[in-house]
Number of protein chains: 2
Amino acid sequence: MSETDSSLALDLPGDPEAGRRRGRLHQEAAARLREKILSGELPPGMRLREVQLCEQIGVSRTPIREAFRTLAAEGLVELLPNRSVVVAELRMPDIEHLYRVFGALEGLAGELACQRVTEAQVAEMGRLLSQMVDLHQKGDRGRYMEINRQIHRMVIDIAANPVLTATWASLLPRVERARALPNLDPNRWTAALLEHSKMFTALAARDGKLLSELARQHFLNGLPYNSGHADESAPPTRSRRRPKD
Amino acid sequence: MSETDSSLALDLPGDPEAGRRRGRLHQEAAARLREKILSGELPPGMRLREVQLCEQIGVSRTPIREAFRTLAAEGLVELLPNRSVVVAELRMPDIEHLYRVFGALEGLAGELACQRVTEAQVAEMGRLLSQMVDLHQKGDRGRYMEINRQIHRMVIDIAANPVLTATWASLLPRVERARALPNLDPNRWTAALLEHSKMFTALAARDGKLLSELARQHFLNGLPYNSGHADESAPPTRSRRRPKD
DNA sequence: ATGCCCAATCTTGTATGCAAGATGGTCATT
DNA sequence: AATGACCATCTTGCATACAAGATTGGGCAT
């Protein structure tokens with residue numbers, strides 16, 4: 001993933017893997033574009049021209065176009081008919097809408113997981129949780145978030161609902177993108193940790209309804225303070241940052 | 001060369017619309033394939049060969065391939081890498097998974113709709129509901145289902161959450177497909193009507209939590225009785241369970 | 001000078017060609 | 001006769017050619 005070398009081309013001259021990539025070019029292209037969008041290298045509103053990306057990524061237009069459809073399904077780009085594809089904007093109201101849906105899905109996942117979770121899985125999750133506490137104390141945000149992702153992923157897996165998993169996964173890239181925004185998720189670390197702890201308790205007690213509600217709330221709490229849903233388009237002049245808790 | 005149906009071609013010789021279709025070929029192809037899958041003309045498990053469909057629909061492989069991706073995102077077909085595209089199976093456990101997710105989305109929609117619905121919209125919905133009662137008495141199932149769709153669509157629209165709408169819409173074709181199965185939705189007409197009535201009352205009272213729960217249950221009740229796993233973790237309302245058949 | 005129209009160019013949408021992988025049947029070997 | 005390898009063919013994945021709509025900049029008329 002750190003191959004941000006200047007050459008974006010997928011294959012170099014004489015690449016022995018050249019033939020081996022067949023059948024996955026569009027997936028690779030989609031993955032690469034997804035990275036670029038999430039990292040902000042391709043900023044919101046940017047027009048993506050097919051030939052330009054073809055040259056950068058080193059494939060023809062066909063797999064690029066297929067990748068576009070994948071990314072459009074993930075909400076990362078918008079396809080304008082007979083016009084360019086543009087990187088989707090991500091404004092605050094959109095994020096709120098996204099979080100509401102994602103929260104509902106996580107709630108459902110928690111509820112279903114409660115019905116199926118095994119003791120071993122509860123124990124495993126307890127271990128992950130204590131790791132998170134550790135990392136929080138060390139201030140290692142990167143690894144903390146990694147474990148965080150792992151836990152959420154685990155709940156979804158335990159829920160064992162393929163439709164849920166697929167829907168959740170299709171929304172995830174946008175959520176990650178929102179999380180990467182500077183003013184989101186500022187420093188509610190401590191609060192989030194407490195919420196995780198409560199959710200774990202609910203899971204261990206197999207209290208589906210409670211976990212469902214906690215998961216939803218946990219997620220909505222990740223929104224910037226009190227984004228009630230009334231404040232539409234981002235207030236431009238508000239430069240206040242929330243004090244760290 | 002006689003196809004199963006010669007009228008499948010999108011354009012006939014000398015079609016004046018021939019040029020006007022540009023930019024929508026893959027959409028039309030997707031729509032046509034979607035229909036064929038929902039109607040059962042393309043049965044589950046059937047292998048879809050590109051060239052064959054090209055001839056039937058009258059376009060080249062490119063739009064067909066793009067249509068395949070659209071349908072795959074809707075869960076109607078499955079793309080086997082380097083192998084054919086096949087019409088997705090739709091077995092009972094899948095349907096249950098689907099309904100759980102869809103029910104959660106409808107629940108969220110109801111909750112959000114309660115926060116935004118206007119008196120005029122409540123009135124309109126009351127009108128639709130009474131139409132349904134009428135059609136139920138007349139036994140006009142077709143129109144009944146049409147109004148039914150309209151009401152659900154209206155709730156989603158009132159919720160005014162684009163992410164929710166898009167996610168819901170992407171799941172909808174599969175739900176419609178499940179509804180078309182013979183042994184689903186047998187004759188719980190009357191019960192469904194009663195549930196709709198309760199939901200309407202909750203909406204009129206702006207009781208989001210209640211509507212959310214009712215919507216979820218309403219949807220899950222559409223599953224054939226005894227569709228598999230243990231029933232939901234809903235002990236508080238267990239007296240409500242309908243032991244129908 | 002300003003505004004409208006047209007054409008050159010760019011960009012996307014569609015069709016088709018070509019190569020690699022999958023499929024299926026036949027033949028040789030045990 | 002059964003089994004496994006091989007070859008012909010089919011099908012998909014990718015690349016590229018071609019056409020139509022969109023964009024834009026300049027020229028012309030007012």
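1. Helix 1 (25-39) and helix 3 (61-73) of chain A, with helix 2 (50-57) of chain B, each supply at least two residues of the surface near DNA strand D. Helices (H or I, at least four residues) and strands (E, at least two) are DSSP runs, numbered from the N terminus. Helix 3 of chain A gives the most to this surface, with 3 residues. There are 21 residues around DNA strand D, and A:Leu25, A:Val59, A:Ser60, A:Thr62 and B:Glu50 come nearest; a residue is near a strand if its C-beta atom, placed from the backbone, lies within 6 Å of it. By class, the surface near DNA strand D has 5 nonpolar, 8 polar and 8 charged residues. Ala, Val, Leu, Ile, Met, Phe, Trp, Tyr, Cys and Pro count as nonpolar, Asp, Glu, Lys and Arg as charged, and the others, Gly among them, as polar.

2. The model is predicted: local features need pLDDT of at least 70, side-chain atom pairs count only at pLDDT 80 or more, and totals for chains, interfaces and linings use all residues. Residues are numbered from 1 along each chain as its sequence is written, while chains are lettered from A and ligands numbered from 1 in the order in which they are written.

3. DNA strand C is surrounded by 22 residues, the closest being A:Glu50, B:Leu25, B:Val59, B:Ser60 and B:Thr62. Here helix 2 (50-57) of chain A and, from chain B, helix 1 (25-39) and helix 3 (61-73) each supply at least two residues. The most, 3 residues, comes from helix 3 of chain B. The surface near DNA strand C divides into 6 nonpolar, 8 polar and 8 charged residues.

4. How are the two protein copies related? Chain A is superposed on chain B by a rotation of 180° with 0.1 Å of shift along its axis, at an RMSD of 0.1 Å. The two copies are thus related as by a two-fold rotation axis. The same surface serves both copies, since 78% of the contact residues of chain A recur in chain B. The superposition is by least squares on the C-alpha atoms of residues with pLDDT of at least 70 in both copies.

5. At the protein interface, 23 residues of chain A are in contact with 20 residues of chain B; contact requires C-beta atoms, placed from the backbone, within 7 Å. On the side of chain A that touches chain B, two or more residues are given by each of helix 3, helix 4 (92-116), helix 7 (162-179) and helix 9 (208-221) of chain A. Helix 4 of chain A provides the largest share, 10 residues. This side comprises 11 nonpolar, 7 polar and 5 charged residues.

6. Chain A contains 9 helices and 3 strands, in the sequence pattern α-β-α-α-β-β-α-α-α-α-α-α. Of its 245 residues, 32% are buried; a residue is buried if 20 or more other C-beta atoms lie within 10 Å of its own, exposed if 12 or fewer, and partly exposed in between, with C-beta atoms placed from the backbone. Among the contacts in chain A with a separation of 6 or more, 72% join residues 24 or more positions apart.

7. Helix 3 of chain A has 13 residues and reaches 19 Å from its first C-alpha to its last, close to the 18 Å expected at 1.5 Å a residue. The expected span is 1.5 Å times one less than the number of residues. Its buried residues are A:Pro63, A:Ile64, A:Arg65, A:Ala67, A:Phe68, A:Arg69, A:Thr70 and A:Leu71. What covers these buried residues includes helix 1, helix 2, strand 2 and strand 3 of chain A together with helix 3 of chain B. Just after helix 3 of chain A, A:Gly75 takes a positive phi of about 75°.

8. In chain B, an open sheet of 3 strands has the order 1-3-2, with antiparallel pairing. Strand 1 (47-48) and strand 2 (77-79) of chain B stand at the edges with a single partner strand each, so one side of each is left without a neighbour in the sheet. Strand 1 and strand 3 (residues 85-87) of chain B pair over 2 bridges, pairing being defined as at least two DSSP bridges between two strands. B:Arg47 stands opposite B:Val86 in strand 3 of chain B.

9. A:Arg83 lies in the loop between strand 2 (77-79) and strand 3 (85-87) of chain A. This residue, A:Arg83, is exposed, with 9 other C-beta atoms within 10 Å.

Conventions: Contact = placed C-beta atoms within 7 Å.
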